[in-house]
Amino acid sequence: MGEDSQINQRWILARTPPLGWPSDGDFELQQTDLPEPGPGQALTRTIYLSLDPYQWGRRRSGLEAVGDVCHGRTVSQVVASNDSEFAVGDFIFNTNGWQQYGLTGAGVDVFGYMFPRRLDPQLAPISTAIGILGMLGLTAYAGVYVQCQPQPGETVVISAASGGVGQAAGQIARIKGCRVVGVAGAKEKCDYVVDELGFDACVSRHSTTYADDLRAACPDGVDIYFENVGGMVYEGVLPLLNQGARITLCGMISQYGNTDGSDAGALWRKTGEPFFERNRVQVHGLHVRNFVDSHQAEFLSEMADWIRAGEVRYREDVWQGLESAPEAFSAMLSGGNFGKTLVRIGDDPTTDKVPDRARISADVLA
């Protein structure tokens with residue numbers, strides 16, 4: 001089985017989180033026997049685990065039960081199979097979660113839309129199946145292109161611009177002929193989205209003059225806003241919205257740690273309502289599950305073309321080892337990541353890059 005062992009290490013949710021952000025005691029590392037694949041199932045070895053903000057919402061809301069293996073999208077390799085769809089050695093996208101081995105196939109929950117699929121390492125690095133060429137990329141595509149229908153010359157603002165979704169959303173808008181302005185944190189991140197990803201400008205949310213900086217970067221106002229953050233980042237965008245502007249509401253990571261019991265979504269809408277009404281702003285809620293059947297094939301084909309043409313770049317923030325998952329998750333939620341946050345759990349035989357550091361950040365596409 002490559003990493004020969006009959007032991008499966010996994011992180012489970014140890015309690016419904018009592019605090020707004022992850023803390024010691026929320027997760028427990030366990031060792032169990034390897035699961036046995038039943039009829040129509042395959043046993044898969046996890047190579048890469050995706051860490052995403054929505055996972056925290058699942059845990060805080062109780063959707064993920066205490067004792068469950070922590071949910072997460074993964075790239076894995078088949079090590080034993082009773083599933084006619086997958087052969088031993090295949091690389092696949094699946095949902096093993098925070099563990100070294102998991103089952104795929106008959107009776108295994110795909111959460112309604114995370115359908116396993118075979119990957120071709122010759123087309124792109126397999127890690128991109130949980131990034132730019134996966135649900136993350138489809139989220140950006142659905143929000144910017146399908147929902148907001150960008151027109152050449154319009155101004156698009158992307159919050160959390162250096163994150164996985166933000167990188168993709170901004171580059172799609174640029175390809176569609178828009179002026180793209182990012183909002184990020186550290187200067188290094190702002191420089192990256194301008195110099196490497198081709199955004200026209202990027203404003204730091206840490207600046208004491210953030211609202212003025214954003215206004216200066218958007219002299220013609222804002223036509224499309226891709227919302228990943230909420231809070232003061234969002235409040236700086238509202239006065240700049242043009243007539244007929246469109247917003248796609250992907251996430252509000254700044255609000256995921258709230259403990260006052262308030263409805264963050266309701267507050268977000270209440271804050272924006274005067275601007276929405278005055279400027280006839282269209283607000284779209286974004287749930288990627290609604291676009292899998294209708295747009296995933298189209299997206300994968302178009303994004304692959306952009307990658308081959310060198311029009312898209314992509315940065316991953318890769319942590320090493322299953323044991324690092326809770327720390328990596330906390331860092332991602334607090335903005336301590338630079339790019340799409342992944343944990344490399346097992347050997348990746350498709351690449352000879354074997355990092356010897358606990359964490360790496362790298363561009364995987366050029």
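Okay, let's start with Tyr192: with a relative accessibility of 5%, Tyr192 counts as buried. Keep in mind that we're looking at a predicted model. We'll come back to that tyrosine in a minute.

So, aromatic rings. There are ten aromatic pairs in the structure. One of them is Trp56 with Phe329, an edge-to-face pair with 6.0 Å from centre to centre and 65 degrees between the planes. Look where the two partners sit: Trp56 is in helix α1 (residues 54–61) and Phe329 in helix α9 (residues 325–333), which puts them 273 residues apart. Trp56 is buried, at 0% relative accessibility, and Phe329 is buried at 0% too.

Now back to Tyr192. Its ring and that of Phe338 have centres 5.4 Å apart and planes at 90 degrees, so this pair is edge-to-face. Tyr192 belongs to helix α4 (residues 187–195), while Phe338 is in the loop between α9 and β15 (340–344), so the pair ties together parts 146 residues apart in sequence. Phe338 is buried as well, with 8% relative accessible area.

And which residue puts its charged end over the ring of Phe338? That's Arg315, 4.1 Å from the ring centre. Arg315 also lies over the face of Tyr192, 5.3 Å from that ring's centre.

Terms used:
Residues are numbered from 1 along each chain as its sequence is written. This is a predicted model: local features need pLDDT of at least 70, side-chain atom pairs count only at pLDDT 80 or more; totals for chains, interfaces and linings use all residues. Side-chain values use heavy atoms; hydrogens and water are left out. Rings of Phe, Tyr and Trp (its six-membered ring) pair if their centres lie within 6.5 Å; planes under 30 degrees apart count as stacked, over 60 as edge-to-face and the rest as tilted. Helices (H or I, at least four residues) and strands (E, at least two) are DSSP runs, numbered from the N terminus. Buried means under 20% relative accessible area, exposed over 50%, partly exposed in between (1.4 Å probe, protein chains only). A charge sits over a ring if NZ of Lys or CZ of Arg is within 6 Å of the ring centre and within 35 degrees of the ring normal.
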